[in-house]
Amino acid sequence: MTLDDILVEIKQAETIVVMAHESPDGDAIGSVLAMNLALKKMGKKVDVIVKEFPRTFDFLPGAKDVKTTSDVETYDLAISLDCADLKRLVGREYFEKAKKTIVIDHHSTNMMYGDLNFVNPVSPACCEILAGMFEYFDIDIDAEIGSCIVTGIITDTGGFKYASVTAETFEFTAELLRKGVNISDIYQRVLETRRKSNFELLRRAMNRLELLENDKIAFTYINKQDEEDVQAEPGDHEGIVENGRSIEGVKVSVFIREKEENLYKVSMRTGNGSNINVSDICYIFGGGGHPRAAGATVAGTVEQVKEKLIKEIKKVI
Ligand code: 5GP
Ligand code: MN
């Protein structure tokens, strides 16, 4: 399967639906919005399905056109972006009914659930894959598409700091800067600005943070009550897990968030200076992700989930 096969499917389709993973982050949002603009340039009728759109990304072009549902039942083509697993795909009902499906992603744990699957696990962001793809398709990456792309690159590389960053990442970004994309403005909006409710959640999570197993594991959590108390919005839990990983000596940082009663969404990060593969650990629980940033959903109370996770982490630290 090549990029040409993808181009053929796009050219043949009239109606296209674009979607990404649940709890969308900057790469998921940047990817769907960049794809939306690119397909519109190709003259396609496009719907973007996102539920729980974080307000942080309202400034991006096309953010206002995003839908939570659609009247169209059967699209000619469905494109899934930045989502390794059909289970986590929001808008799955449209994906499953579409005549053709394409998956574009950068997770090595991708389940290859599309008719065509384009997965590049060494790409630091799904948005970076799209940048290369649009170039190949001869679509002009203007400042609008560029703003969406750089949003995904900035958020998925922690502001160009992860080891996943390549020379191409900087080259693409330099090119976008030349085209008029305001990198500094986007950086400040997506990484340096907190809503008050996000700050209040962080404060609670930090107060509860425990250092376990000789300070090698950082563990913290938030529950539904916390989110209600601070009037949390979509995306407010983003970034909390990052705080644990920066503590000296921590090999794995764990943050869990109550999804529903006795069900927790797990976020895991490899500590700085450690090379533990957290994706392998999350895989044991039916999840996945990247070697240094991964997740899963685990049943139980906080204490039970914590115990299950620590048991597996202990085996590798
Ligand atoms: P986060 O902790 O920010 O939710 O996710 C970290 C990384 O792991 C992201 O790339 C995300 O897409 C992936 N991820 C999170 N949860 C899951 C999951 O349950 N299954 C899979 N396959 N990937 C996940
Ligand atoms: Mn991503």
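At 3% relative accessibility, Asp226 counts as buried, where buried means under 20% relative accessible area, exposed over 50% and partly exposed in between (1.4 Å probe, protein chains only). The model in which this residue sits is predicted: local features need pLDDT of at least 70, side-chain atom pairs count only at pLDDT 80 or more, and totals for chains, interfaces and linings use all residues. Residues are numbered from 1 along each chain as its sequence is written, chains are lettered from A and ligands numbered from 1 in the order in which they are written, and side-chain values use heavy atoms, with hydrogens and water left out.

Side chains of opposite charge can pair when their charged atoms come close. The side chain of Asp226 meets that of Arg204 at 3.0 Å, N to O. This pair links distant parts of the chain, with Arg204 in helix H8 and Asp226 in helix H9, 22 residues apart. Helices (H or I, at least four residues) and strands (E, at least two) are DSSP runs, numbered from the N terminus. Asp226 also forms a salt bridge with Arg208, at 2.8 Å, N to O. Here too distant parts of the chain are linked: Arg208 belongs to helix H8 and Asp226 to helix H9, 18 residues apart. Both arginines are partly exposed, Arg204 with a relative accessible area of 28% and Arg208 at 25% relative accessibility.

A search of the whole structure finds 24 salt bridges. Another of these joins the side chains of Glu233 and Arg195 (3.7 Å, N to O). Glu233 lies in the loop between helix H9 (224-229) and helix H10 (240-245), and Arg195 in the loop between H7 and helix H8 (196-208), so the pair ties together parts that are 38 residues apart in sequence. Glu233 counts as partly exposed at 25% relative accessibility, whereas Arg195, at 16%, counts as buried.

The next feature is the metal site. The manganese ion (ligand 2) is coordinated by Asp27 (OD), Asp82 (OD), His106 (NE2) and Asp156 (OD), at 2.2 to 2.3 Å. Donors are N, O and S atoms within 2.8 Å of the metal (3.2 Å for Na, K and Ca); water is not among the atoms, so sites may look incomplete. Along the chain, the donors of this ion follow the spacing D-x54-D-x23-H-x49-D. Asp27 lies in helix H2 (residues 26-41) and Asp156 in helix H5 (residues 143-156), so the pair ties together parts that are 129 residues apart in sequence. Both Asp27 and Asp156 are buried.

Helix H6 (residues 167-178) shows how a helix can be read by its sides. Thr169, Phe172, Thr173 and Leu176 are buried in H6. They cover an arc of only 95° around the axis, which puts them on the same side of H6; the arc is that of the directions from the helix axis to the C-beta atoms. The face turned away from this buried side carries the exposed residues Glu171 and Arg178. The cover over the buried residues of H6 includes helix H4 (126-136), H5 and helix H7 (183-191), contact meaning heavy atoms within 4.5 Å. Just after H6, Gly180 takes a positive phi of about 100°.

The interior can be described through its nonpolar cores, each a set of buried Ala, Val, Leu, Ile, Met, Phe, Trp, Tyr and Cys residues joined through side-chain atoms within 4.5 Å. In the largest core, of 55 residues, Ile104, Phe134 and Ile149 touch the most other members. H2 gives the most to this core, with 9 residues. Leaving aside its neighbours within four places in sequence, Ile149 is in contact with Ala34, Cys127, Ala131, Phe134, Ile141 and Leu176. A second, separate core of 21 residues includes Val266, Ala294, Val305 and Ile310.

Two loop residues remain. Met112, in the loop between strand S4 (100-105) and strand S5 (116-119), has a positive phi of about 55° although it is not a glycine. Asp138, in the loop between H4 and H5, likewise has a positive phi, of about 65°, and is not a glycine. Met112 is partly exposed, with a relative accessible area of 45%, while Asp138 counts as exposed at 71% relative accessibility.

Definitions and conventions:
Salt bridge = Lys/Arg side-chain N within 4 Å of Asp/Glu carboxyl O.
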